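I opened the notebook to record what I looked up in this structure. The entries follow the order in which I took up each topic.

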Number of protein chains: 2
Amino acid sequence: MPLPLVFGVHNHQPLGNFPHVIERLTRESYLPFLEAVKKEPRFRFSLHVSGILLKWWEDHFPRAFDLLGEMVSRGQIEPVAGGFFEPILAVIPREDRKEQVLRHKDYLRRSFGVTPEGLWLTERVWEQALVEDLVDLGIKYVVVDDRHFLVSGFEKQALHGYYLTEAEGKRLAVFPIDETLRYAIPFWPVERLERYLRDVALRGGRLAIYFDDGEKFGAWPGTRKWVYEEGWLESFLRASAQWQEEGRVEIITFSEALKRTEALGLAYLPTASYKEMEEWALPAKRILELKELTRRLRVEGTHFEAFIRGGHWRNFFVKYPESNYLHKRMYRVSALSRDPQLFDQEARLALLASQCNDAYWHGIFGGLYLPHLRQAVWESLLEAEQKLRARGKEEIELVDLDYDGREEVVYTSPEAVLVFKPSYGGQLVEWSSLGNRHNYGNVLTRRFEAYHEDILHLDQEGGHAEEEVSSIHHLQKRPSAEVVRALVYDWYERHSLMEHFFDPQRGLEDFVACDFGEWGDFANQPYHFHRSGEELLFFRDGGLYPPGSERRPLLLRKFIRLRRKGRTLVVRYELEYRAQVETRCFFGVEMNFYPPFMAHGQGRLLVNGRAVDPSAPFETQGNRLTFTDDKTGERLLVKLPETLRIFCFPVRTVNQSEKGYELTTQGLAVMPFWPLDLRQGKKVELSLELEISKKRS
Amino acid sequence: MPLPLVFGVHNHQPLGNFPHVIERLTRESYLPFLEAVKKEPRFRFSLHVSGILLKWWEDHFPRAFDLLGEMVSRGQIEPVAGGFFEPILAVIPREDRKEQVLRHKDYLRRSFGVTPEGLWLTERVWEQALVEDLVDLGIKYVVVDDRHFLVSGFEKQALHGYYLTEAEGKRLAVFPIDETLRYAIPFWPVERLERYLRDVALRGGRLAIYFDDGEKFGAWPGTRKWVYEEGWLESFLRASAQWQEEGRVEIITFSEALKRTEALGLAYLPTASYKEMEEWALPAKRILELKELTRRLRVEGTHFEAFIRGGHWRNFFVKYPESNYLHKRMYRVSALSRDPQLFDQEARLALLASQCNDAYWHGIFGGLYLPHLRQAVWESLLEAEQKLRARGKEEIELVDLDYDGREEVVYTSPEAVLVFKPSYGGQLVEWSSLGNRHNYGNVLTRRFEAYHEDILHLDQEGGHAEEEVSSIHHLQKRPSAEVVRALVYDWYERHSLMEHFFDPQRGLEDFVACDFGEWGDFANQPYHFHRSGEELLFFRDGGLYPPGSERRPLLLRKFIRLRRKGRTLVVRYELEYRAQVETRCFFGVEMNFYPPFMAHGQGRLLVNGRAVDPSAPFETQGNRLTFTDDKTGERLLVKLPETLRIFCFPVRTVNQSEKGYELTTQGLAVMPFWPLDLRQGKKVELSLELEISKKRS
């Protein structure tokens with residue numbers, strides 16, 4: 001009996017990725033892999049292509065789509081389902097989970113005439129509770145990492161085969177991907193791979209199990225040369241034909257393996273994913289501790305490795321408030337979209353698209369740190385919301401939207417969604433223009449990431465001038481001075497209408513460094529909320545603490561009037577200073593916006609009508625800031641009552657990419673500020689106005 | 001503001017525990033604790049008493065029941081709900097889970113007029129998917145260990161307060177129990193405890209959170225003296241009154257803490273339980289590896305500790321086939337009990353009772369290893385099944401009952417359930433008499449347990465003559481020679497109708513040692529199954545392998561006829577020997593039974609009418625074995641066609657108890673055997689009969 005090598009390939013591109021990138025990856029890896037394998041028809045394998053990518057092929061790259069169809073119809077490829085928009089299935093509402101899978105299954109069935117029975121689990125994020133839904137959806141097997149089993153106490157040699165698991169009595173087959181094969185294919189010389197497979201067979205393994213990213217065949221650094229030019233794939237296919245002839249190894253699909261072989265037994269898996277994912281899901285500081293522990297132990301590859309564990313995927317919602325906010329907003333729109341009264345097919349589809357996983361988390365590359373991915377999710381979410389609220393009315397609710405136990409003030413209309421957070425400085429955390437499907441508050445805060453330690457280390461110790469391509473997980477390139485300078489961490493989350501009382505000696509540079517001599521305790525502190533007629537009132541009985549001074553009590557009242565269905569905010573401040581001693585300071589109202597031109601490049605920032613360059617910090621004076629969107633004609637105006645000094649800078653994060661450390665602009669921080677001379681009994685009144693409008697055409 | 005010390009006590013006794021034990025524990029710990037605390041009415045706390053124990057109090061110990069009621073009505077005790085029969089909520093069917101909680105809630109409401117809003121999670125076995133059901137059941141908070149949070153990346157100092165979590169958008173408050181307090185109460189001197197609480201308050205802790213077993217107050221070794229006689233509890237109560245007067249610490253219930261304080265934020269927890277439970281759920285060998293790793297690391301109490309993890313509770317089903325079998329049989333009866341056509345209130349209750357957790361797992365003490373606990377679960381399960389099948393008919397199904405991917409042959413009638421496992425020697429794995437509510441197959445296999453290493457170590461190195469009582473988790477008592485001798489591990493699972501071809505030189509002692517020169521490959525190997533008319537046929541084309549010989553082919557056919565609704569089994573063997581060389585060996589048919597007299601002491605084992613002592617191994621001759629049940633008059637007969645030699649021994653496991661290492665009898669192994677002289681072409685036919693009957697009265 002030949003050893004079945006169960007072979008699977010997973011291809012996916014995030015919602016919002018640039019078409020030229022998808023095209024390049026298709027040309028460099030997805031297509032040439034299919035074309036090469038097609039020549040060896042006895043090489044049968046399972047292929048998961050996310051709905052997003054498959055649809056893109058159908059619309060923009062029919063050659064890949066048709067080739068896939070051809071290979072399915074001749075039985076060479078078993079199409080594998082997933083969530084259509086590649087969501088983390090465990091963290092989306094059950095009905096959406098079902099629809100995601102059904103849509104993908106249905107699309108595959110309509111396109112290729114085959115009903116898939118296997119499921120690719122996005123990022124292999126497992127929860128036992130998924131079993132019931134998947135079985136109900138007609139799924140017979142899923143594929144996870146061998147790590148899922150190892151951490152449950154299974155021995156590596158017991159994992160060359162599949163297991164059954166169950167929940168609510170419903171049974172599902174689970175294949176553990178052999179990590180060794182993940183590292184071996186396509187990197188080991190074919191002879192070594194052959195030896196390994198022989199070894200698996202000798203030790204009584206029923207199946208050799210492989211399933212991994214398609215980008216490894218041409219798109220990962222160095223693989224194009226290795227896999228195609230230097231002929232790895234050709235040798236592999238040639239060898240596989242020979243193995244088959246000699247009755248040693250047969251390459252087959254997962255469905256076939258399920259039919260041919262018996263389960264090895266029963267297994268239950270804990271919440272788990274692959275090892276790196278469990279590490280990334282930890283808080284940054286804990287990642288460093290975990291790395292230290294791993295270094296001390298030198299457990300890699302030993303049986304101890306399975307005892308060392310990081311966190312679960314859901315922790316990303318705790319680690320990144322932006323991800324959590326997006327997720328909980330998605331919940332809200334999802335609930336709306338499931339309201340039978342509001343049912344709208346297109347809104348449903350847009351909502352499901354907004355569940356695409358990539359923008360919700362961050363490992364070492366991209367993800368949440370890529371504004372265009374977040375933007376794409378927000379666009380889909382707001383598209384759904386616009387359709388669902390089109391006939392809705394204006395309303396204000398108090399809801400704990402982000403599940404932190406404290407209520408937010410949520411305004412919705414058919415035109416806009418605004419969310420204020422009384423518990424956090426009464427800040428405006430979201431301002432979405434439904435017409436423009438744009439959330440101006442889509443800004444990422446600058447935070448410490450575990451890999452920043454490497455940057456500092458490389459900066460001090462000196463890294464290689466050239467990165468090494470042997471592994472995309474270890475970057476060794478020396479960071480630029482600009483990158484090192486940009487390692488700045490914010491002490492507050494970057495939203496809008498945040499009040500600062502700050503040291504008048506400080507300047508733009510300090511603002512950029514998020515260290516500008518804050519004297520107040522307002523910015524991110526709890527405010528009371530009161531709704532009085534048409535006005536929203538946020539107030540705090542706070543204080544100023546100039547260095548070396550006692551607390552100087554100050555009552556701050558922020559009155560906000562929403563007009564034009566949430567497209568105009570009239571903001572009025574009343575400051576009652578209650579200390580005897582006089583205080584001279586600056587009072588700034590910070591806003592952080594992600595203007596549409598940052599997403600698509602069309603539009604500008606104007607100060608009093610003059611274009612300015614927002615790609616570097618600047619200080620200016622003016623009474624009118626305009627963010628234009630030349631694609632749609634929408635503008636966001638900040639109107640000041642008088643000419644004021646204004647700080648502005650692009651909020652940049654330092655994150656990794658396959659090319660090294662990069663700076664990514666996450667939004668613009670602007671802060672007009674007033675010089676204040678606070679005296680007891682003197683009430684200060686200040687105001688400003690924010691407006692979203694459409695350019696007259 | 002005083003620091004709230006949120007105080008909770010959990011009292012539970014397993015289904016099937018001996019009434020005298022429950023009474024002793026009530027007198028020694030549950031009652032004296034309540035009586036002492038009652039004197040200090042400002043000491044308010046939350047109390048979980050499992051439905052099983054509470055009902056027992058109501059029926060047999062009204063003093064405790066009434067005292068509890070009194071303390072609830074004066075607001076001193078907040079009753080906390082759970083599953084009525086203390087099941088692991090994550091592993092029972094959803095409808096049952098809901099009914100378990102509703103029944104407990106309802107019982108508390110009817111008894112004490114208060115609707116509980118908190119839930120004690122059995123063994124703190126957490127799965128995120130529980131959240132939805134619990135919220136739907138009106139539960140507002142649950143209590144877990146701080147470890148659940150630590151392994152998610154939270155820092156210990158961030159855990160003095162509660163968090164919110166959610167699933168499907170539904171929110172639930174989760175309190176992390178402070179492990180330090182679990183170790184401190186009632187073991188630290190009150191002054192030290194006071195210092196700790198002061199420290200928590202100084203570091204900004206919102207709540208000090210304690211919830212632990214009530215047995216700590218008088219029933220754990222040494223605690224009676226310490227807590228009552230030496231006055232720990234009195235000092236603690238006195239101190240708590242003083243703390244309250246001075247506005248430093250206030251002891252309150254969990255509900256009150258929920259009302260008074262805000263959540264610390266959002267949290268998601270992985271599949272987790274307390275540290276020891278995660279260790280126990282691993283395979284024995286992995287436990288030793290984990291222990292070795294922990295020793296090497298010396299991580300206890302450090303921030304590394306949270307990275308080192310064991311397995312999930314569900315792994316017990318993989319680790320112990322007996323637990324899995326019980327669980328999957330429970331699934332089957334549960335499905336039956338939820339069939340609206342069959343609905344029977346009493347059957348539902350008995351089914352829910354069979355979900356009581358204790359018999360399904362094993363840590364260091366008891367649990368699955370206590371036959372009376374397994375027996376109680378089987379009794380409840382079979383009571384439910386009897387009621388549900390009372391009007392059913394005889395049927396045979398092929399079902400993968402234990403979820404190992406291979407089908408079992410399942411016979412059911414209103415009188416009996418018989419389950420044969422073709423994939424495992426065609427063995428009879430269950431023979432339940434529904435009338436007697438007894439599964440004769442309820443036998444536990446002898447397996448290696450991690451703590452057996454300690455026994456060998458203590459035996460070799462010498463332990464303390466007296467055990468130390470400082471901790472019940474570390475036993476140091478030197479094992480008896482009998483215990484050391486009993487460390488025998490079975491190479492097959494102990495069921496019935498298992499065929500052995502064995503070395504005629506071997507004797508009883510070898511049989512006891514499970515090392516009796518097996519020459520065949522039948523015992524636990526796959527059989528084919530075929531149903532021919534009224535007969536069930538199990539057959540295997542196997543072989544004999546006497547030492548130093550080539551394989552000697554043998555076809556074994558086992559025909560089984562079920563009569564009297566499954567109360568009689570007529571077993572007929574046909575052996576076709578196909579080797580040229582002659583083989584002389586013994587052919588034994590092994591049976592492992594747990595007779596009812598082992599459960600309640602009333603009844604005997606008779607060989608040809610003569611009583612024998614089954615508490616030690618013996619060899620006898622006879623043609624009739626009778627297991628009597630003097631309580632009900634039921635008898636299990638093994639009828640042999642002629643007088644045969646018979647081996648018999650009590651299957652004993654070595655397990656820990658609070659008193660040291662103990663031997664526990666898990667059932668009786670009996671094996672009648674025939675001398676065989678196998679020659680080519682000679683067909684051997686043998687038979688025996690098994691019968692369950694009621695004594696004529």
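This is a predicted model: local features need pLDDT of at least 70, side-chain atom pairs count only at pLDDT 80 or more; totals for chains, interfaces and linings use all residues.

Entry: Leaving out residues up to four places away in sequence, I listed what Phe7(A) touches: Phe33(A), Phe43(A), Phe45(A), Ser46(A), Ile185(A), Tyr210(A), Phe217(A), Phe236(A), Ile251(A), Ile252(A) and Phe254(A). I then looked up the largest nonpolar core, which has 132 residues. Phe7(A) is among the members that touch the most other members, along with Leu5(A), Phe45(A), Trp57(A), Leu68(A), Phe236(A) and Trp313(A). Helix H1 (residues 19–38) of chain A gives this core its largest share, 9 residues. Apart from this core there is another, of 129 residues, including Leu25(B), Leu68(B), Ala267(B) and Trp361(B). I wrote down the general rule beside this: in soluble globular proteins, nonpolar side chains tend to be buried together.

**Entry: a buried arginine in chain A.** Which helix holds Arg182(A)? I found Arg182(A) in helix H7 (residues 179–184) of chain A. The relative accessible area of Arg182(A) is 13%, so this arginine is buried. Setting aside neighbours within four places in sequence, I found Arg182(A) in contact with Arg124(A), Asp145(A), Ile177(A), Tyr210(A), Phe211(A), Asp212(A), Lys216(A) and Tyr274(A).

**Entry: a buried arginine in chain B.** I looked up Arg540(B) next, and it lies in strand E17 (residues 535–544) of chain B. Is Arg540(B) buried or exposed? With a relative accessible area of 15%, Arg540(B) is buried.

**Entry: helix H3 of chain B.** I tested the length of helix H3 (residues 62–73) of chain B. At 1.5 Å a residue, its 12 residues should span 16 Å, and the end C-alpha atoms are 16 Å apart, so the two agree. The buried residues of H3(B) are Ala64(B), Phe65(B), Leu67(B), Leu68(B), Gly69(B), Met71(B) and Val72(B). I recalled that an α-helix has 3.6 residues a turn, so residues three or four places apart point the same way. I asked what covers the buried residues of H3(B). The cover includes helix H1 (19–38), strand E2 (45–49), helix H2 (51–60), strand E3 (77–80) and helix H4 (94–112) of chain B. Just after H3(B), Gly75(B) has a positive phi of about 80°.

**Entry: helix H15 of chain B.** I repeated the length test on helix H15 (residues 321–337) of chain B. Its 17 residues should span 24 Å at 1.5 Å a residue, and the end C-alpha atoms are 24 Å apart, which agrees. Of the 17 residues of H15(B), 15 are buried, so the helix is largely enclosed by the rest of the structure.

**Entry: strands.** In chain B, strand E1 (residues 3–11) pairs with strand E8 in the parallel sense over 6 bridges. Gly8(B) has Phe211(B) as its bridge partner in E8(B). Strand E8 (residues 208–213) of chain B has 5 of its 6 residues buried, so it is largely enclosed by the rest of the structure. In chain A I looked at an open sheet of 5 strands, with the order E10-E11-E12-E13-E14 and antiparallel pairing. Its edge strands, E10 (395–399) and E14 (438–439) of chain A, each pair on one side only. Strand E12 (residues 416–421) and strand E13 (residues 427–433) of chain A are joined by 6 bridges in the antiparallel sense. Leu418(A) stands opposite Trp431(A) in E13(A).

**Entry: cysteines.** How many disulfides are there over all chains? The count comes to 0. Cys514(B) is in no disulfide, and the nearest cysteine sulfur, in Cys648(B), is 15 Å away. That distance from Cys648(B) to Cys514(B) is too far for a bond. Cys514(B) counts as buried because its relative accessibility is 4%. Cys648(B), at 1%, also counts as buried.

**Entry: the two chains.** I laid chain B on chain A: a turn of 180° and a shift of 0.0 Å along the axis give an RMSD of 0.0 Å. This is the relation of a two-fold axis. Ile308(B) comes closest to the rotation axis of the residues of chain B, at 2.4 Å (C-alpha). I found that 100% of the interface residues of chain B are also interface residues in chain A, so the copies meet through the same surface.

Definitions and conventions: Residues are numbered from 1 along each chain as its sequence is written. Chains are lettered from A and ligands numbered from 1 in the order in which they are written. Side-chain values use heavy atoms; hydrogens and water are left out. Helices (H or I, at least four residues) and strands (E, at least two) are DSSP runs, numbered from the N terminus. The expected span of a helix is 1.5 Å times one less than its number of residues. Buried means under 20% relative accessible area, exposed over 50%, partly exposed in between (1.4 Å probe, protein chains only). Contact means heavy atoms within 4.5 Å. A nonpolar core is a set of buried Ala, Val, Leu, Ile, Met, Phe, Trp, Tyr and Cys residues joined through side-chain atoms within 4.5 Å. Two strands pair if DSSP finds at least two bridges between them. Copies are superposed by least squares on the C-alpha atoms of residues with pLDDT of at least 70 in both. A disulfide is a pair of cysteine sulfur atoms within 2.5 Å.
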